[in-house]
Amino acid sequence: MLINILAWIIVGGVAGWLASLVMNRDGGYGLVGNVVIGIIGSFIGGYVLRFFGQSDPNAFSILGILTAALGAVILLVILGLIRKLIK
């Protein structure tokens, strides 16, 4: 159980960091924000893969991290659109 939580934190952190690099938002959310964005992104990325008929990859693999990063990028785009609407 503890290993699974630690894996989610590590994968979430790496995925959130990769997404912030892709979206050119260095340091915008910090370490905890990157982890949360990466974990939420993993759900979004898994949903997108299932929508296109692919199976979910193992979370602690390169494909799993890339899937979570894809979902995190989608989440950051949505958050950016919401910020623009609020302003």
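Predicted model: local features only at pLDDT ≥ 70, side-chain atom pairs only at ≥ 80, totals over all residues.
Reader: Hi! How are two packed helices described?
Author: Hello! Two packed helices are described by the angle between their axes and by the distance between those axes.

Reader: Great, then at what angle do helix 1 and helix 3 pack?
Author: Helix 1, residues 2–22, packs against helix 3, residues 62–86, at about 50°. Their axes are 8 Å apart. That angle makes helix 1 oblique to helix 3.

Reader: And is that crossing left-handed or right-handed?
Author: The crossing of helix 1 and helix 3 is right-handed.

Reader: Which residues make the contact?
Author: From helix 1 the contact takes V11, V14, A15, L18, A19, S20 and V22. Helix 3 contributes I65, A68, A69, A72, V73 and L76.

Reader: What classes do they fall into?
Author: In the contact of helix 1 with helix 3 there are 12 nonpolar residues, one polar residue and no charged ones.

Reader: Let's switch to helix 2. How does it cross helix 3, and at roughly what angle?
Author: Helix 2 covers residues 30–51, and its axis crosses that of helix 3 at roughly 105°. The two axes come within 6 Å. Helix 2 is therefore roughly perpendicular to helix 3.

Reader: Which residues meet there?
Author: On the helix 2 side, they include I37, G38, G41, G45 and G46. Among those they meet in helix 3 are A68, G71, A72 and L75. By class, the contact of helix 2 with helix 3 divides into 11 nonpolar, seven polar and no charged residues.

Reader: Nice. Now, which residues make up the largest nonpolar core?
Author: Six residues in all: A19, I37, A72, V73, L75 and L76. Helix 3 supplies the largest share of this core, with four residues.

Reader: What lies apart from it?
Author: Another core, of five residues, lies apart from the largest one. V11, A15, I65 and A68 are among its members.

Reader: Back to A72, what does it touch?
Author: Leaving out residues up to four places away in sequence, A72 touches A15, A19, I37, G38 and G41.

Reader: One last topic: where is G53?
Author: G53 sits in the loop between helix 2 and helix 3.

Reader: Is G53 buried or exposed?
Author: G53 counts as exposed because its relative accessible area is 62%, and exposed means over 50%.

Reader: And what separates G53 from G30?
Author: Their C-alpha atoms are separated by 34 Å, with the two residues 23 apart along the chain.

Conventions:
Residues numbered from 1 in each chain as written. Heavy atoms only, no water. Axes fitted to C-alpha atoms, helices over the stretch in contact; angles between N-to-C directions. Helix = DSSP H or I, 4+ residues; strand = E, 2+ residues; numbered from the N terminus. Parallel < 35°, antiparallel > 145°, perpendicular 65-115°, else oblique. Left-handed = near helix turned anticlockwise from the far one by under 90°. Contact = heavy atoms within 4.5 Å. Nonpolar A, V, L, I, M, F, W, Y, C, P; charged D, E, K, R; others polar. Core = buried A, V, L, I, M, F, W, Y, C linked by side-chain atoms within 4.5 Å. Buried < 20%, exposed > 50% of the residue type's maximum accessible area, 1.4 Å probe, protein only.
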